[in-house]
Amino acid sequence: MSMMDKLKERINTLRLEAEGAQDKADEAQSRVKLLEQDLLSKEQEIASLNHKNTLLEEEVEKLEKQLAEAKAAAEDGAAHGTANESLTRKISQLEEELEVADRNLRETTEKLRVTDVKAEQYERKVSSLEVDCDAWEKKYEEMSAKYNEAKAELEEINKQLESF
């Protein structure tokens, strides 16, 4: 083997090593591209998840606010319920008082009607008695006039008798 052969062999070995290294470099580069794409995909996924997380946090805040409003509304509802019960009791009490007042009004109206009837009867009696009274007064005046005439006649007769 000559030097040339050794050199050729050495060049072939180096060439083979270079080709192997090139294959490894290509493979590494290909792997780097895949890893970069995977990294980019992961970064996009992270960005998407971050965005989704932000939206979910906003949704949680909104739901917490709605929950607080619902609790406040429930408390108001309970307060309104208590007020409603109180007003319902008051309405019932007022209705009972109205029934009593209505009953009293009917009784008073009936008593007033009876009193009106009695008053009409008494007015008729008074009118009748006034007519009777007028008749008696007339009779009295007539009788008084007759009495006075009779008295005058009697006195005249007495005078005539005395003069005899």
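A residue counts as buried when its relative accessible area is under 20%. By that rule, 0% of the 164 residues of the protein chain in this predicted model are buried.

**The whole chain**

Display the entire protein chain as a cartoon. It contains 1 helix and 0 strands. Helix 1 comprises residues 3-163. Turn the view along the principal axes: the C-alpha atoms fill a box of roughly 230 × 20 × 20 Å. The radius of gyration of the chain is 67 Å, whereas a compact globule of 164 residues would have a value near 15 Å.

The accessible surface of the protein chain amounts to about 15500 Å². Carbon and sulfur atoms account for 56% of that area.

**Residues 4, 7 and 11**

Select Met4, Leu7 and Ile11 and show their side chains. These residues form a nonpolar patch on the surface. Their accessible area together is about 290 Å². Met4 lies in helix 1. Is Met4 buried or exposed? Met4 counts as exposed because its relative accessibility is 51%, and the cut-off for exposed is over 50%.

Side chains of opposite charge can pair when their charged atoms come close.

Select Glu59 and Lys62. Their side chains meet in a salt bridge, with an N to O distance of 4.0 Å. The two residues are 3 apart in helix 1, so about one helical turn separates them. Glu59 is partly exposed, at a relative accessible area of 36%. Lys62 also counts as partly exposed, with 46% relative accessibility.

Select Lys65 and Glu107, and draw a line between their C-alpha atoms. How far apart are Glu107 and Lys65 in space? The C-alpha to C-alpha distance is 61 Å, and 42 residues in sequence separate Glu107 and Lys65. Glu107 is located in helix 1. Its relative accessibility of 41% makes Glu107 partly exposed.

**On either side of Glu107**

Select Asp102 and Arg106. A salt bridge joins them, and their closest N and O atoms are 3.0 Å apart. Asp102 and Arg106 are 4 residues apart in helix 1, which means that about one helical turn lies between them. Asp102 is partly exposed, its relative accessible area being 34%.

Now select Glu110 and Arg113. In this salt bridge the closest N and O atoms are 2.6 Å apart. Glu110 and Arg113 are 3 residues apart in helix 1, so the separation is again about one helical turn. Glu110 is partly exposed at 38% relative accessible area, and Arg113 counts as partly exposed at 45% relative accessibility.

**The last stop: Trp136 and Lys139**

Select Trp136 and Lys139. What sits over the ring of Trp136? The charged end of Lys139 takes that place, 5.2 Å from the centre of the ring.

Technical notes
Residues numbered from 1 in each chain as written. Predicted model: local features only at pLDDT ≥ 70, side-chain atom pairs only at ≥ 80, totals over all residues. Heavy atoms only, no water. Patch = residues over 30% accessible without salt bridge, like charges linked within 9 Å, V, L, I, M, F, W, Y side chains within 5 Å. Areas by Shrake-Rupley, 256 points an atom, 1.4 Å probe, with all protein chains shown as cover. Buried < 20%, exposed > 50% of the residue type's maximum accessible area, 1.4 Å probe, protein only. Lys NZ or Arg CZ within 6 Å of the ring centre and 35° of its normal. Rg over C-alpha atoms; globule rule 2.2 N^0.38 Å.
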